[in-house]
Each structure stands twice: as structure tokens, then as C-alpha cells.
Amino acid sequence: MSTHVPAGLPDRIQHFIDGYLVDSVDGGTFDVLDPISNRPYARAAAGKAADIDRAVAAAGRAFEGPWPHLLPRERAKILNRVADIVESTDERLAELETYDTGLPIAQALGQARRSAENFRFFADLVVAQRDDAYKVPGRQINYVNRKPKGVAGLITPWNTPFMLESWKLSPALASGCTVVLKPAEFTPLSASLWPEIFREAGIPDGVVNIVHGLGEEAGDALVKHPDVPMISFTGESRTGQIIFGNAAPNLKALSMELGGKSPAVVFADANLEEAIDATIFGVFSLNGERCTAGSRILVQRPVYDEFVERYATRARNIVVGDPSAPETEVGALVHPEHYDKVMEYVEIGKTEGRLVAGGGRPDHLPHGNYVSPTVFVDVAPDARIFQEEIFGPVVAITPFDTEEEALALANGVRFGLAAYIWTNDLRRGHSFAQQVDSGMVWLNSNNVRDLRTPFGGVKASGLGHEGGYRSIDFYTDQQAMHITLAETHTPRFGIH
Ligand code: NAD
């Protein structure tokens, strides 16, 4: 199947350093594929340590310039212009994102709008920023002098590339940091829109630098760079562990948003129609390539058979196809390597659970990285498809009898990112939800974010929380100032 090819598609993607589009110092490039033909359509500059050095030096110089010292309102005005431009180019942005990632166009458009909202939100937040002050009556006044930390290293994954880049760029810039962004190598296309957006919005040269390249080369060099005091990383838990080790010699601040295997727990008293809508959307939207996907559904026994039957029917009806078609609900997975990984799990699942929907490539789509929405039921908690993150349109459904059993199943994995609880019992809803090991819980809802709330995971799903003022806390240092008001009370050594 052919897909829509955006007009004016670039055939080379360059770094953006100190306001210039540049190739790699050593001229290295890597191929960028589209997920339908799996053929290269562009070559992107493959950054290495020398390119990271240049970008960090530019960001360092920009940090000496006006950016960190602007009044919050001045930075906010510029960030709001970024939001305006992103909003006004949302269709182009979605078109490119869909072409590069295989995400359905309607969902890519939603992500484009969310990217603009991230900039608006953090612009508002820094204008409203307040800091702590403490009085010790008659003796001292203490206050917090908040300072941007310096050059922020931002490393992002491929699942919703532009949106996740905006999720890190916006608080870092709002805080007054300058940045070096290393986008995911599977999906560098939409990041090539940032330079023009930032230029038009009036962000000074060198404040934002973008270095493309492989994680083990460009990403690694950024993590190890001594002049980058902090790394905000989103990606796999295994990569997070490597970065944690590599950041240790320089004792960097780390914010890590990692993998998930989030449970959706459906009690017998839940509104089944709503629960089915949300649990279908929760694992099959964004092609299942979603960190907060509810990829394990735990269903209480009295409604289990009915739930499974209705769920499987809906899953079989999901429209899989050309990502650029507005009616498409599940598009193509990002890259053939990832497709192979997901397909391997589909085969493993056939030995671990009962297949009731999907189970391979859809018959009508012989080419491209397409996987039918796949549903395994009666999955045991020690199954690999219950324990491991698949990051594709594959779900495991497991029955339970009691609340205690549901809690043990929900918490019985190494991850702890999100959880979704479905019940009409208010007491149980809260008490159960509070015992789940996860950074975030949605009660009777799919994943609807309020940007003020903490975002992050526990256990293998992350380190630290961003969201609202927590993001600003990550990108700034809080210097405690102590001022004596009256006479000093110092023990007088050496006067005897
Ligand atoms: P990944 O860990 O393979 O790559 C993420 C980024 O890290 C890429 O830019 C990559 O080039 C870079 N990288 C890889 N190795 C590196 C190294 N040694 N040093 C420095 N950088 C390195 O992840 P992915 O496959 O791109 O993304 C999918 C994963 O991201 C899933 O596990 C998903 O759950 C997770 N994710 C988490 C969240 C969240 O907020 N918790 C959001 C989206 C995705």
C-alpha cells in the first residue's frame, strides 16, 4: 500500500547548532526510513562527540547571554509565539510526523496541538512562579534564589517525537536554561521543523541546539559531557540504567521517564461500556507505542467472559491502515526492527495465552509495518507478555476474583508508570488506587492529562517527576539565602 508523501519532503536532515544548519564534523549520516515502504527517504546527520562538543559550547555561550536573565514575562512572550507558530503549522507538522512514524494522522494532529499547549503552559507557569521565603522573627530572613542550572541535555524517544521534544524543551527554556536536544534516530523528521519555528519566534541563536544521531554515539556523548549538568531522558528502562551509570562520574541531575506495563483493573460493578471504550483506546491508540498504555487488563470474574467477548469484537473492528487516512485508528509501527520485536511477542503470546483477536499482519496489508490489534486472554501473571513491555498493539487480559488478588496482579511487575481503575464503588476506587505501585492513576477514565500534576513513574518506570512546577524545579537550582537581621549569634572561638 502506498501512503501520502508530503510535498517538500527534505532528503537531508542537518544538525542545528548556534543558529546554523550544519552537517556532522566527520560528514557521517544515517538513513531515515518511512514505515510503509521501509525504504530510506532521507539521510540525517549522524552526530558524534565532536558535534555534541560544538553544540554544548554554543549552548554554553548562549547561557552567558541574555536568555537566562530575561524577565519571565519576556521569555513567556517568546514561548507563546512558539506555541502560536506550532498551532498554525499543526497540519504540516502532523503530516510529517505521520509520514515518519506511522502514527494515524488524526492522532498526530492531536499531538501537534498538545505540543503547542506544552509551550503555553510553561510560559504561564514561569510568569506565575513564586518562591519560598521564611522569617525567623527578629533574627533572620531567608529566601530562595532560583537560578537556571545551565545547559540542559534532552534525549527523547520516537513514539510521539515532536510532542515529547516539546515536553522537555518548553520547561527547560521557560526556566532560562539553554539546551542540546538529541532526538530519536528512528524519527528525526519533525525535529527539522524546530529551527525555523524558534527563529521566527525570536529565540536567540545557540539557546536551542539539536544534534541528530545514534543513542550510543550522540546520546552517549551528551550524557558524558562535563559541561552539561543535567539530563532529561525519556526512553526504555534499560537505556535509563545505562545513562544513570554514565552520568555518575559527573554527578548529573537526572530526570527519567521510562517504560511501562500499566494495568487497567475492571471491577464487576464498573460501567462496562465506558471501560471497554477506554481500555481499547488505552492500548491501541498511538499504535500501542505509548508509555502509559494499559497493556494488561485485569477483569473481575463475574464480568470476565462478557468483557472478553465484547473487547475482542471491538478489537477486530479497529481500522488498521494507511496512517495518512483520516479514518485510520491503528497505523504502521515505526521501524522494521521494532515491528520484528512486536511480532516476536505476538508469537510468544500464542504459546502463553488464548488468542481472541489479531495475531499477526492484517491480510489486506501485505507491506509495511502493520500489526492487527492483538488480544490474548487467560494470560498467567508469569507470562512474558504479562511482564514485559511490548510497545505495540498487543494486550494481555487476565481474570481475578478478589480485590487482594487484583492488587497483587497489578503490582506484580517491575514497572510502575500508570494504572487505570474501573469501579463505581467510591471507597474501593480510592483505597485500591492508592495501593497501586504507579506514578499515576486514572479512576474511571482513560489517560487525560492535567499538565499541573506530577508526571512520572516508580520502580523501573522512572526517576523523579516532571509536570507543573516539578519540571521547573528540575531545570533550576534553588539557592537558599540567609540574611541576619539583628546581631549575629556566633560562638566566639579563640578569645580566651
Ligand atoms: P530508547 O531508550 O531506545 O531511546 C530513547 C532515546 O535514547 C533515543 O534518542 C536514543 O537514541 C537514546 N539513546 C539510546 N541509547 C543511549 C545511550 N546509551 N546514551 C544516551 N542516549 C541513548 O527508547 P525508544 O525505543 O526510543 O522509546 C521507547 C521507550 O520509551 C519505551 O520503553 C517507552 O515506554 C518509553 N517512553 C516512556 C515515556 C514516559 O514518559 N515514561 C514516554 C514515551 C516513551
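**Exercise 1.** Which of the 29 residues around the ligand come nearest?

Solution. The model is predicted, with local features needing pLDDT of at least 70 and side-chain atom pairs counting only at pLDDT 80 or more, while totals for chains, interfaces and linings use all residues. Residues are numbered from 1 along each chain as its sequence is written, and side-chain values use heavy atoms, leaving out hydrogens and water. A residue is near a molecule if one of its heavy atoms lies within 4 Å of it. Thr156, Lys182, Glu185, Thr239 and Glu389 come nearest.

**Exercise 2.** Describe the shell around the ligand.

Solution. By class, the shell has 15 nonpolar, eight polar (Gly among them in this scheme) and six charged residues. Among helices (DSSP H or I, at least four residues), α7 (215–224) gives the most to the shell, with four residues. Domain 1 (12–258 + 461–480) and domain 2 (263–443), with bounds from an automatic or database assignment, both contribute residues, so the ligand lies between them.

Technical notes. Helices (H or I, at least four residues) and strands (E, at least two) are DSSP runs, numbered from the N terminus.
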